[in-house]
Amino acid sequence: MRARLFVDPDAIVANWRQLAGRCPGAETTAVVKADAYGLGVAEVAPALLRAGCRTFFVARLGEGVELRALLREARIFVLDGVGPGEEETFTAHDLLPVLNHAGQIARWREAARRRGRRLDAALHVDTGMTRLGLPPGEVTGSDGPELDGLRIVLLVSHMACADVPDHPLNLRQLASFREVRGRFPGVPASLAASSAIFLGPEWHFDLVRPGVALYGVNPTPGRPNPMRPVVTLRAPILQVHEIREPCTVGYGATRSLSPGMRVATVAAGYADGILRAASDRAVARLAGHDLPYLGRVSMDLLAIDVTALPPHLAREGVEVELIGGPDGIDRLAAAAGTIGYEVLTRLGRRFERCYRAPEAER
Ligand SMILES: *Cc1c(COP(=O)(O)O)cnc(C)c1O
């Protein structure tokens, strides 16, 4: 018996369309780095291409090469930019670097000079994240000599606090980006990832780069999730314990059990991405019942309280829902003290993966 991870491509496409509808003046792209946030780029990217998405972002060069093999037509940007010795791989696979600093710009210009033609790239300006990108003071503009030989096809910056709408850094980044953009007349500009799309049209510019919202995570924390759920994780019960004497459950004996409780052992653990930090805090669900985790999550197994379930459901082989419904990922993330991004990207490799909506519970 194996846990089943359902990933619904129709929901991902519906989320992409919803975001595109919110940004009528901009091109809506898709960020599919880290294997489409752990959900499987080979399934996700072609579905988005069929829906009309034409531009994709990945982080690593290897992800770009993999994506190019899946999508012949699309425009693919690599957020890491071009590293030493990588120029040939970029041109061979028709990948576009997001140039982050002077060294990368020089490298791409040299590649253009050697080929005797202009090369396209995006340029990343750091407006307040201090992660990747040029400081605004180092960017002269599209006709500056330091970009000679290149054609800048996209000006990019990234928001640090877009999930906190009234954070003061948001308006500072917006103002800084507008100012730099003025030095690049006619060049498309992009500031917004998932959360910034919801800050309003001023943040959309010419192109938006949603990732996590496509996959059903709430881009507006603290407010209702506007996205359709994408991921459902169901894991089978392996064994049920009728507790007759006071005892404890799991490693460290951290959780006491009392007579009359019924405890189920479920075939999923931290090796599957059910973070150990969710121990004693998360809840599974079945048939409208909340089934709290009991004791520590171990590598392959976790225990849940099924006392509330009717006996025919508290049985070997019955699947309980570990992630599901609106906010399924966000709930598990909150229980583990982390964010939906981390839960998604850590989902394990041992599940049976089903690329469709889950069937209704029995
Ligand atoms: C990961 C990433 C995105 C997508 O962010 P989400 O919050 O997942 O929408 C967009 N732009 C850059 C530069 C990124 O690194």
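1. A quick term before we start: a pocket here is an open set of grid points with protein on both sides within 12 Å along at least five of seven lines. Keep in mind that this is a predicted model. The largest pocket is the space taken by the ligand.

2. So who lines up around the ligand? There are 13 residues around the ligand, and those that come nearest are Lys33, Tyr37, Ser194, Gly211 and Tyr341.

3. The side chain of Lys33 has an N or O atom 2.8 Å from an oxygen atom of the ligand. For the side chain of Tyr37, the distance to a ligand oxygen atom is 2.5 Å. On its own the ligand has 390 Å² of accessible area, and the protein covers 91% of that.

4. How many aromatic pairs does the structure hold? The count is 5. Take Tyr37 and Tyr341: their ring centres are 6.3 Å apart and their planes sit at 35°, so this pair is tilted. The two tyrosines link distant parts of the chain, being 304 residues apart. Find Tyr37 in helix 2 (residues 33-37) and Tyr341 in helix 10 (residues 340-346).

Methods
Residues numbered from 1 in each chain as written. Predicted model: local features only at pLDDT ≥ 70, side-chain atom pairs only at ≥ 80, totals over all residues. Heavy atoms only, no water. Near = heavy atom within 4 Å. Polar contact = N/O pair within 3.5 Å; in protein donor to acceptor, adjacent residues only side chain to side chain. Areas by Shrake-Rupley, 256 points an atom, 1.4 Å probe, with all protein chains shown as cover. 1 Å grid on protein atoms, 1.4 Å probe; cavity = no way out; pocket = protein on both sides within 12 Å on 5 of 7 lines; lining within 4 Å. Sits in = over half its atoms within 2 Å of the grid points. Phe/Tyr/Trp six-rings, centres within 6.5 Å; stacked < 30°, edge-to-face > 60°. Helix = DSSP H or I, 4+ residues; strand = E, 2+ residues; numbered from the N terminus.
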